Amino acid sequence: MSKDHYILALDQGTTSSRAILFDGDGVARASAQRELPQIFPGPGLVEHDARRIWRDTLATAQAALADGGVGAGQITGVGIANQRETTVIWRRDTSLPIHNAIVWQDRRTAAHCERLRRSGDDQLIQARTGLIVDPYFSATKIAWLLDNIDGARAAAEAGELAFGTIDTWLLWNLTGGASHATDATNASRTMLFDIHRQCWDEELCQLFNIPMNLLPAVYDCAADFGHTAKDLFESPIAITGMAGDQQAAAIGQACFAPGMIKSTYGTGCFVMLNTGAQAVTSQNRMLTTVAYRLGDQTTYALEGSIFVAGAALQWLRDGLQLIDAAPESEALAKSLDSTSGVIMVPAFTGLGAPYWDAEAKGAILGLTRDSGIAQIVRAGLEAVCFQSRDLLLAMHADALSTTAFADSGKLSLDVLRVDGGMAENDWLMQFLSDILDVAVDRPVTTETTALGAAYLAGLQTGVFASLDAITAQWRKQSSFVPNMAVETRDRLYTAWQQAVARVRTVP
Ligand code: ADP
């Protein structure tokens, strides 16, 4: 590809909307970003203004082109990566949402999920979708909108409404309503998609009382999704790549071989382990999910999600006002030898994997008269590492119990590839390596989510010939290797487990 051709990646995250122009070497040439306001209408409720998400995405796309001095004609394809599960329903005729987007972190459907568990429907749901019943996923959010917004159910039955996760919402707007579609990774997070048959599941739609006419078409991650509508850019641009943000990050980290694992430390933390063509059913409450689908071939992953990672730093900054900016946490943590027993369990929106406790609340334990800002901030960082260990232990047990790895040799969790805003914190990455007892590799490009979207778009348009071409582009920036005494690790981790036990509401 000529150097004058670019791929435009749209990375619509929980806290910001970004557009990055990549060249054919995977190097970012221009970018633009806008913060996204969070709407908290009540305890456990988290919403976004869907129209603002669209406006910001378009504005950042236009700004990135302007910043790079690049015309629409030089863009070979657009790739979309997005916050997953967040649910929008809009009117097909006006493209107006019937309500704010219900964000993945929102807990309003906890009671509905509890009923599904009590009725035993969680078994069928996990078998079909690979997911653990939790308010996190889209299905109960869709049901809530249909049941609680005036006239929504009647309009849905009449075929007047469309559902989408943020990828679909952006695609709909980018194409001026011409394309109502998603990709297999985003579909796999709705709790309505059969990840084995790769189609919407009629029985689950009935169980949730969701009319199937609401649902988008499901494509591969690299596909012809449509073209941008007239007037958005100087000429129409093809949209050719799409994946949920965590899957996009795994692609941006070139985790293409079974056993490769990445962890993204942003607002939340998401660990993804490639399990190849086998959908491994977790015995340890991990999620089975679609890593990517290319050329009709599905690659699966085990995933563990921690709801609060960087969000704990945001709380320390905005809620408690203990720090002015998240990066300050590094010097504070370094200023101490330990937290002197202070432990933070940041269960602000319940606990995710492997606990899945929607009602758990956060706690700071072990406070003494000499506990101060530095101890609490460091405890917030340490919690991210302890939770990562929870996930890796569970995944390791799952993966080793399957034939996927028995066939292809041993599973080695020797290296964890990291990215996301928090991965910039060297102290945190070292403590992570120490607590996991695993090497941690940070790549040169930590914008892996956007890069993954660009890779997918480029695969479809031939900028990248194959996954091998992408693998060849991955570059390590830093490695962190374990350097903690076993006894110290064990003592700290045991104290963490005891702290978690104190906040849990279900065994
Ligand atoms: P997202 O894509 O989820 O919006 P990012 O990957 O941009 O998140 O990461 C931002 C998060 O990382 C914020 O929650 C912020 O508090 C945290 N963060 C950023 N820099 C640091 C740092 N140096 N140390 C610790 N946390 C950080």
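Biologist: Why does Arg153 count as buried?

Modeller: The model is a predicted one. Arg153 has a relative accessibility of 19%; buried means under 20%, so Arg153 counts as buried.

Biologist: What makes Asp147 exposed?

Modeller: The relative accessible area of Asp147 is 52%. The cut-off for exposed is over 50%, and therefore Asp147 is exposed.

Biologist: Why is the pairing of Asp147 and Arg153 called a salt bridge?

Modeller: Their side chains meet with N and O 2.9 Å apart. A salt bridge requires a side-chain nitrogen of Lys or Arg within 4 Å of a carboxyl oxygen of Asp or Glu, so the pair qualifies. Side chains of opposite charge can pair when their charged atoms come close.

Biologist: Which terms, buried or exposed, apply to Arg197 and to Asp194?

Modeller: Arg197 is at 53% relative accessibility and counts as exposed, whereas Asp194 is at 4% and counts as buried. The side chains of these two residues also meet in a salt bridge, at 2.9 Å from N to O. By this rule the count comes to 29 salt bridges.

Biologist: What makes Arg84 and Glu303 a salt bridge, and which parts does the pair tie together?

Modeller: The closest N and O atoms of Arg84 and Glu303 are 2.7 Å apart; the limit is 4 Å, so the term applies. Arg84 lies in the loop between strand S5 (75-82) and strand S6 (88-91), and Glu303 in strand S18 (residues 297-306), so the pair ties together parts that are 219 residues apart in sequence. Both Arg84 and Glu303 are buried. They belong to a network of salt bridges that also links Glu85, Arg189 and Asp245.

Biologist: Where does Thr87 lie, and why does Thr87 count as buried?

Modeller: Thr87 is in the loop between S5 and S6. Its relative accessibility is 0%; since the cut-off is under 20%, Thr87 counts as buried. Residues touching Thr87, beyond those up to four places away in sequence, include Asn100, Ser138, Leu145 and Phe163. A polar atom of the Thr87 side chain lies 2.8 Å from the backbone oxygen of Glu85.

Biologist: Why does Thr14 count as buried, and which residues is Thr14 in contact with?

Modeller: At 9% relative accessibility, against a limit of under 20%, Thr14 counts as buried. Thr14 lies in the loop between strand S1 (6-12) and strand S2 (16-22). Leaving aside neighbours within four places in sequence, its contacts include Leu36, His48, Trp104 and Thr267.

Biologist: How is the chain divided into domains, and what area is buried between domain 1 and domain 2?

Modeller: Domain 1 covers 6-245 and domain 2 covers 324-387 + 491-503. Their C-alpha centres lie 32 Å apart, and the contact takes eight residues from domain 1 and four residues from domain 2. The area buried between domain 1 and domain 2 is about 530 Å², with 71% given by carbon and sulfur atoms. Arg107, Ile132 and Asp134 supply 58% of the area that domain 1 buries against domain 2, more than any other three residues.

Biologist: How many salt bridges and how many residue pairs in polar contact are there between domain 1 and domain 2?

Modeller: Between domain 1 and domain 2 the count is zero salt bridges and one residue pair in polar contact. On the side of domain 1 that touches domain 2, the residues divide into five nonpolar, one polar and two charged.

Technical notes. Residues numbered from 1 in each chain as written. Predicted model: local features only at pLDDT ≥ 70, side-chain atom pairs only at ≥ 80, totals over all residues. Heavy atoms only, no water. Domains from an automatic or database assignment. Contact = heavy atoms within 4.5 Å. Buried area = accessible area lost by both parts, 1.4 Å probe. Polar contact = N/O pair within 3.5 Å; in protein donor to acceptor, adjacent residues only side chain to side chain. Nonpolar A, V, L, I, M, F, W, Y, C, P; charged D, E, K, R; others polar. Helix = DSSP H or I, 4+ residues; strand = E, 2+ residues; numbered from the N terminus. Buried < 20%, exposed > 50% of the residue type's maximum accessible area, 1.4 Å probe, protein only.
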